[in-house]
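Let's take a friendly walk through this structure. Have the chains open beside you as you read.

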Amino acid sequence: MKKKVSEKTVKTIYAIVSISCFFLAWSFVTNFTPARLTTPGPLQVLKLLVTSITTPIGKYTLYGHLYFSLRRVIIAYSVASISGIVVGIAMGTSRYAEAIIKPIFEMLRPIPPIAWIPLIILWFGVGELPKYAIIFIGAFTNVTLNAYTGAQRVDQTLVGCAKMLGTDKKGIFFRVILPSCMPQIFAGMQVALSTAWMAVLASEMVGAREGCGWIILRGSDTTNIPLVLVGMVVIGIVGLFLATVMRVIERKVCAWNIIEV
Amino acid sequence: MTELQKKRQKETRKFAAISVCSLAIFFLSWYIATGVLHLVPDYALPSPVQVLRAFIAKLTKRAPDGATLFQHIMASLKVALSGYFLGAVVGIPLGICMAWFRRVDLFVTPLFDMIRPVPTIAWIPLMILWFGIGLGAKAAIIFVSAFVPCVINSYAGIKQTKPVHLWVSQTFGATRRKMLFSVAIPTAMPLIFTGLRISLGTAWMTLCAAEMLAANKGLGYMIQMNRAIGRADMIIVGMLTIGAIGALFTVGLDKLEQAMVKGGRRK
């Protein structure tokens, strides 16, 4: 019975085949065509990846750079998420807050976080603070926007019901409004996390002496292309890891919403 | 009814007034802090008047970074749009094929999932190595940044086609090709447009990054150069231009979507 081969096995087989095709093509191109002059093969990259776990790149080993990048992301991202949720929900629930904040927010929102880099470097120099500020801007707009639409879309029937059943204002806020915009907020936080991860790279590429973005820049400055690729691989893995962590948290916090979909 | 309408109109007017006041207070406090009290030095945050003056000067003068504002805008637009169209033209059909043909899905999705988590910015040094620092490298970087959201969204759009609709068309004798073009793609249209909008945003942002790292013209280059010589007023002019063009793009795509997407998902 051919049908017995499960969907999962087929998928895995195809995945293995396609990824090995990719690596074969990569090593073929880098061994037998003119591209080998510029681009390192997969084995070279792997070798460097393994050695850089123990041998330092610049001042720190790979772990050290990861620690710096992740610390920046986590600190700035947490601050941005909390303040974004507060501002967004305030805008979504109170018309006064909306009227006051929205025009300024809408004016600044279309400016990408990367475009803030020069100004922020002028303001804060090249320490840790400018990196936090850039990541903050990247994450804050996404979270605020989503919390705002989430709070706007709260089903007014539910609010009315809660009122009729005698819930006080605090109860309505914490037990009706906040839970019902949770899925939206999480969607925003998910996007914000990937923006934050990108923003930290950008800020490290423009002015830093450590971190994952710096690894790439260092590689390209010293024409050490394997190092660039090592940086890209590490950045990709960490980005995937961060996204997965967020998804797991979302599944825990918004379990009711996931089942419904 | 009219009473209620009148009341509502009054409310709207009141909140509009609050919005105007809020903006006015924002600019006024900026002006007072910088232009009157000089709380921060000019090289860090110039007053709004200075920014406006810089903007007007930049319209005609090449100083201090070698091109007028218009030339920078055109340089940026050329790069951004060429990379973006390439990304959309390759990405959308690929996403549709991935969702429609099972073998393509099984084969390409793992590769795509492997490349996707790498932020576009991380591609910049590699692209510069491969394509030099001309139009090619920047267009390639923007291609990557536009390509990924286009693929993801058209894939998701096709996948969300209701099987019932496909069955109906099958019952009425539609070929598989007809099913794709008359049922699945129209269903996916709103999401494809979401992808186009997201990728335009990322493309525009990536462009700034690419120009800040390697360019001799363009808005990203302009703000980076002005940081080096400490002209904050020019930086702010550049930032606001980038923001304004980004906002214009969004509005333009919204209009295009309204014209092209029948029905709608809008709540």
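## Overall shape

Chain B has a radius of gyration of 24 Å, whereas a compact globule of 267 residues would have one near 18 Å; the radius is taken over C-alpha atoms, and the globule rule is 2.2 Å times the number of residues to the power 0.38. Along the principal axes, the C-alpha atoms of chain B fill a box of roughly 75 × 70 × 30 Å.

A word on what you are viewing: this is a predicted model, in which local features need pLDDT of at least 70, side-chain atom pairs count only at pLDDT 80 or more, and totals for chains, interfaces and linings use all residues. Residues are numbered from 1 along each chain as its sequence is written, while chains are lettered from A and ligands numbered from 1 in the order in which they are written.

## Helices and domains

Chain B has ten helices and zero strands. These are DSSP runs numbered from the N terminus (helices H or I, at least four residues; strands E, at least two).

An automatic or database domain assignment supplies the domain bounds: chain B is divided into domain 1 (1-39) and domain 2 (43-260). Their C-alpha centres lie 34 Å apart. Five residues from domain 1 of chain B and five residues from domain 2 of chain B take part in the contact, where two residues are in contact if their C-beta atoms, placed from the backbone, lie within 7 Å.

In chain B, buried residues make up 40% of the 267 residues. Buried here means that 20 or more other C-beta atoms, placed from the backbone, lie within 10 Å of the residue's own.

The largest nonpolar core has 130 residues, and those with the most contacts inside it include A:Ile135, A:Ala139, B:Ile142 and B:Ala209. Such a core is a set of buried Ala, Val, Leu, Ile, Met, Phe, Trp, Tyr and Cys residues joined through C-beta atoms within 7 Å. Helix 8 (residues 176-213) of chain B gives the most to this core, with 17 residues.

## Where the chains meet

The contact between the chains takes 42 residues from chain B and 45 residues from chain A. On the side of chain B that touches chain A, helix 10 of chain B gives the most, with eight residues.

That side of chain B divides into 34 nonpolar, seven polar and one charged residue. Ala, Val, Leu, Ile, Met, Phe, Trp, Tyr, Cys and Pro count as nonpolar, Asp, Glu, Lys and Arg as charged, and the others, Gly among them, as polar.

Definitions and conventions:
A residue is buried if 20 or more other C-beta atoms lie within 10 Å of its own, exposed if 12 or fewer, and partly exposed in between; C-beta atoms are placed from the backbone.
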